[in-house]
Amino acid sequence: MSTFAAVVLFAGVLAYAVLGGADYGAGFWDLTAGGAERGRRPRHLIDAVLAPVWEANHVWLIFCLVMLWSAFPPAFAAIMTTLYIPLGVAGLGVVLRGSGFAFRKVLVVTDHQRAAGAAFAASSVITPFCFGTVAGGIASGRVPSTGGGDPVGSWLNPTSVLGGVLAVLVCAFLAAVFLTAEARRRHDESLRRWYARRSRLAALVTGAVALAGIAVLHADAPRLLHGLLTRGLPLLIVSALCGLGSLTLLRHASPRAAQAAAIGAAGAVVAGWGVAQYPYLLGDHLRIAEAAAPTPTLGALTVVAAAALLLVVPSIALLFVLHQSGRLDSH
Amino acid sequence: MEPSQLLPAREQMAFTLGFHIILVPFGLAFTFLMLVAEWRGLRRGDRDALVLARRWSQVAAVLFAVGAVSGTVLSFELGLLWPGLMGRYGAAFGIPFAVEGLFFFLEAIFVAVYVYGWDRLPGWRHFWTGVPVVLAGIGGTLSVVAANAWMNQPGGFTLRDGRVVGVRPLEVFFNGAFWYESVHMLLAGYMVAGFLTAAVYARGLRRAGNDRMVRLGLMIPLTMAAIVTPVQIFVGDVVAREVFHREPAKFATIEAVPTTGTHVPEVLGGVYSRGRVLGGIPVPNGASLLSGFRADTRIQGIDAIPEEVRPTDREVTIVHLAFDVMVGAGMYLLALSAWFGLAWWRDRGPPGSRWFPLAAIVGGVLAVVALEAGWVVTEVGRQPWTVVGHLLTRDAVTRSGNVWFFFAATLVLYAAVAFATVHVLRVLRRRWRDSGVDPSDVPYGPARADESAVGEG
Ligand code: HDD
Ligand code: HEM
Ligand code: HEM
């Protein structure tokens with residue numbers, strides 16, 4: 001039962017990583033799109049694509065928090081009392097990002113737009129970085145079961161920094177592929193090329209960092225690396241193949257296939273982490289079963305998750321279908 | 001022995017909750033107003049109503065975003081500030097939040113479909129995409145308030161050695177305080193959305209005279225608020241009596257009753273200090289009559305609360321005054337509703353008095369004040385407990401880090417967000433005022449390419 005709850009929780013993490021990740025990545029390209037004039041068109045595409053879906057994508061974060069604190073209360077408390085700095089920053093980053101984005105759409109004066117846009121873009125990079133360091137801290141076993149761990153070392157360490165950088169890069173990659181596909185759907189050849197170039201760049205850099213990460217993990221978190229290279233290996237291979245695949249597909253096949261491959265690439269990395277860490281929730285000291293809430297709570301959460309499956313998934317599907325068919329363009 | 005994190009953590013929780021709760025009525029009830037306007041527009045072919053619905057949906061989109069992100073911060077804070085609460089009771093307390101998450105998921109999805117679906121989804125089909133928004137708002141609010149009610153009257157769990165070992169989810173959710181707290185909050189949300197929206201258009205009434213759009217923008221929300229208000233006063237009275245029976249300590253604090261006894265007066269105002277109420281206007285037998293309908297109703301005093309868990313004098317004063325403010329505001333709003341109802345009954349329109357716009361503006365402000373004051377009654381009135389009878393606030397608080405930094409950063413950020421929100425709403429208003437009712441603004445008309453061109457600027 002507790003394993004099932006952990007799987008549900010992890011499914012939430014995966015959904016957030018992929019859907020929220022693409023959102024954050026869009027902010028990354030927004031930040032790097034250059035001056036007001038040069039970056040106008042790429043930014044406009046981001047606005048148009050994100051506006052209808054960002055809030056729904058971001059509820060996955062709430063889902064993860066709620067699942068974690070209800071199903072695994074002691075682990076939640078331990079994480080929160082240890083990693084409070086990156087989590088506090090991420091929490092405020094979410095505010096800055098969401099409101100900055102919502103405001104920018106309405107504002108007319110370029111200066112104001114720029115301020116709101118800068119808030120959106122900068123926090124789009126900082127927030128996933130923070131979440132990445134949190135993942136690194138948990139995975140490398142720096143969160144003690146009883147909480148109150150090192151408030152700095154738990155997230156300023158090689159594995160965490162690797163996690164943070166990878167998170168930002170994966171988000172950027174996902175977003176670039178999504179936006180390329182979107183530009184193509186809109187028959188905007190120059191924008192398509194603009195984003196395709198960035199997809200390739202992001203893929204290249206992400207791959208390089210991931211390879212270098214092996215050395216980092218070897219020195220800093222050998223057990224995690226071992227898990228990744230044994231049980232997690234198939235997933236890592238899938239991820240690499242999907243990453244390469246999405247680049248080829250971008251050029252030749254339908255945009256949807258490229259998007260799917262990019263999702264596969266990002267999702268498989270995250271899933272690899274989960275598999276490598278199983279059966280532990282924190283590092284290799286707090287087992288899933290030890291941290292689990294009483295069975296009726298897990299049962300109630302299962303009911304809620306099932307209801308979500310029945311209600312939320314079709315609704316999201318409706319939203320995405322309307323969105324991708326251009327029926328919800330944000331202007 | 002009091003952890004240094006306690007004070008800033010309490011302040012921060014109070015501040016961020018107080019911020020979030022102002023946005024709640026917009027996600028909850030303003031969306032309902034928007035649907036009423038659209039319904040009217042579709043049903044009667046009323047262009048003005050459709051334009052209004054569309055504009056309101058744009059406002060709702062902005063405020064929903066701010067509400068969503070400020071709610072997310074609250075979720076972080078539950079862990080960052082109150083790990084003692086979540087670590088120990090998350091297995092029970094967390095369940096209502098899981099249900100809330102489900103509802104807000106649906107709400108976020110359908111808000112997007114509704115807001116961005118104008119022009120693209122035909123008439124009634126578009127209307128129906130708004131209905132889940134309203135229903136999910138109600139469901140979400142019921143669930144969060146269930147969590148809060150559980151803190152006041154915890155139930156549905158078994159403890160062994162201080163650990164939650166058994167949970168009965170339905171008892172957790174439908175706890176003793178659930179029904180009255182949630183109904184009271186739902187109605188409050190509808191009141192606040194109604195009076196606040198009406199206040200905005202009342203300002204317009206003063207300026208623009210009898211512009212039809214302004215009139216409609218005033219009438220729809222004010223009608224709703226005027227219907228809800230008497231119900232709310234009745235419910236408030238029931239709530240107070242429930243608190244009297246179920247949470248005698250909180251009731252003693254609300255009424256600032258120093259010693260247990262009968263023939264307890266209802267003291268309006270006043271400051272509680274060392275077992276006495278200084279100042280204030282006593283209404284003889286008032287509290288006894290209101291709580292038990294008889295002057296000899298016995299009311300438990302603050303002296304009956306064990307000394308270790310007695311609220312401080314300052315807390316008693318805050319709760320007592322906050323209660324008076326809520327009830328006072330409620331009475332004002334009742335009078336306003338009656339005035340409006342009378343005028344509507346006589347000549348199907350808002351009162352013609354030149355004082356009416358001002359009265360409506362004050363009403364909008366007071367509705368928010370009542371909402372905030374009511375929450376202060378509930379939350380400060382629970383002190384020193386976080387989970388009544390089980391967990392003291394000082395044991396719930398985090399022991400890590402310097403919370404003042406987090407609080408300061410939060411204050412700065414929220415100030416900026418609040419400022420920007422107001423600015424953005426004003427930009428929207430100016431845009432609408434300048435454009436008048438141009439054809440591109442009419443829903444289901446030609447696509448509004450021009451307005452979006454401005455947005456890209
Ligand atoms: C527009 C807002 C509004 C208005 C006009 C009133 N209230 Fe209220 N009140 C609230 C908004 C509110 C609230 C939504 O802020 C609270 C906080 C927690 C809750 O469930 O509702 C609340 C709480 C609250 C509590 C504490 C409940 C608890 O701690 O469990 C009492 C005893 C009352 N109210 C009583 C009244 C009475 C006797 C009113 C009659 C005039 C009244 N309220 C009008
Ligand atoms: C009585 C108190 C509360 C009520 C009535 C309430 C109600 C609402 C409503 C109606 C929304 C809808 C969105 C909006 O209006 O912007 C919302 C959003 C939200 N609330 Fe609250 N809330 C309360 C307190 C809390 C608390 C204590 C938490 C967290 C611990 C919380 C977490 C959230 C979250 C995470 C969202 C965003 C959901 C989304 O992303 O769409 N709320 N709340
Ligand atoms: C579901 C809704 C809510 C939940 C779960 C909740 C939870 C909490 C928690 C955990 C605390 C800190 C511990 C404590 O002081 O007991 C707190 C304190 C507080 N909350 Fe709430 N709250 C909710 C709604 C609200 C709302 C809407 C307000 C609006 C103003 C509010 C105002 C306060 C205040 C003023 C305090 C500080 C009390 C004090 O320490 O003296 N709460 N709340």
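In the classification of residues used here, Ala, Val, Leu, Ile, Met, Phe, Trp, Tyr, Cys and Pro count as nonpolar, Asp, Glu, Lys and Arg as charged, and the others, Gly among them, as polar. Sorted in this way, the shell around ligand 2 in this predicted model holds 16 nonpolar, seven polar and two charged residues. Ligand 2 is placed between chains A and B, and of the 25 residues that surround it, the closest are H20(B), F64(B), G67(B), F104(B) and W375(B).

Several contacts of ligand 2 with chain B involve polar atoms. A nitrogen atom of the ligand is found 3.0 Å from an N or O atom in the side chain of H20(B), whereas the backbone takes part in the contact with F64(B), where an N or O atom lies 3.2 Å from an oxygen atom of ligand 2. A polar backbone atom of G27(B) is likewise 3.4 Å from an oxygen atom of the ligand. The elements that contribute two or more residues to the shell are α3 (54-71) of chain A and, from chain B, α1 (6-44), α2 (47-81), α3 (83-117) and α4 (123-152); the most is given by α2(B), with eight residues.

Because H184(B) belongs to helix α6 (residues 178-208) of chain B and M326(B) to helix α10 (residues 313-347) of chain B, the pair ties together parts that are 142 residues apart in sequence. For six octahedral donors, the ideal angles at a metal are 90 or 180 degrees. Both H184(B) and M326(B) are buried.

Some features of the backbone remain to be described. The peptide bond from Y278(A) to P279(A) is cis, with omega near 5°, and P279(A) is located in the loop between α11 (255-277) and β1 (280-282) of chain A. In chain B, a cis peptide bond with omega of about 5° joins Q383(B) and P384(B), the latter being in the loop between α11 (356-380) and β7 (385-387).

Positive phi values in residues other than glycine are found for H187(A), near 55°, and for A256(B), near 50°. H187(A) is in the loop between α7 (158-185) and α8 (189-220) of chain A, and A256(B) in the loop between α8 (248-255) and β3 (266-268) of chain B. H187(A), at 72% relative accessibility, counts as exposed, because the cut-off for that class is over 50%, whereas A256(B), with a relative accessible area of 4%, is buried.

Key: Residues numbered from 1 in each chain as written. Chains lettered and ligands numbered in written order. Predicted model: local features only at pLDDT ≥ 70, side-chain atom pairs only at ≥ 80, totals over all residues. Heavy atoms only, no water. Near = heavy atom within 4 Å. Polar contact = N/O pair within 3.5 Å; in protein donor to acceptor, adjacent residues only side chain to side chain. Helix = DSSP H or I, 4+ residues; strand = E, 2+ residues; numbered from the N terminus. Buried < 20%, exposed > 50% of the residue type's maximum accessible area, 1.4 Å probe, protein only.
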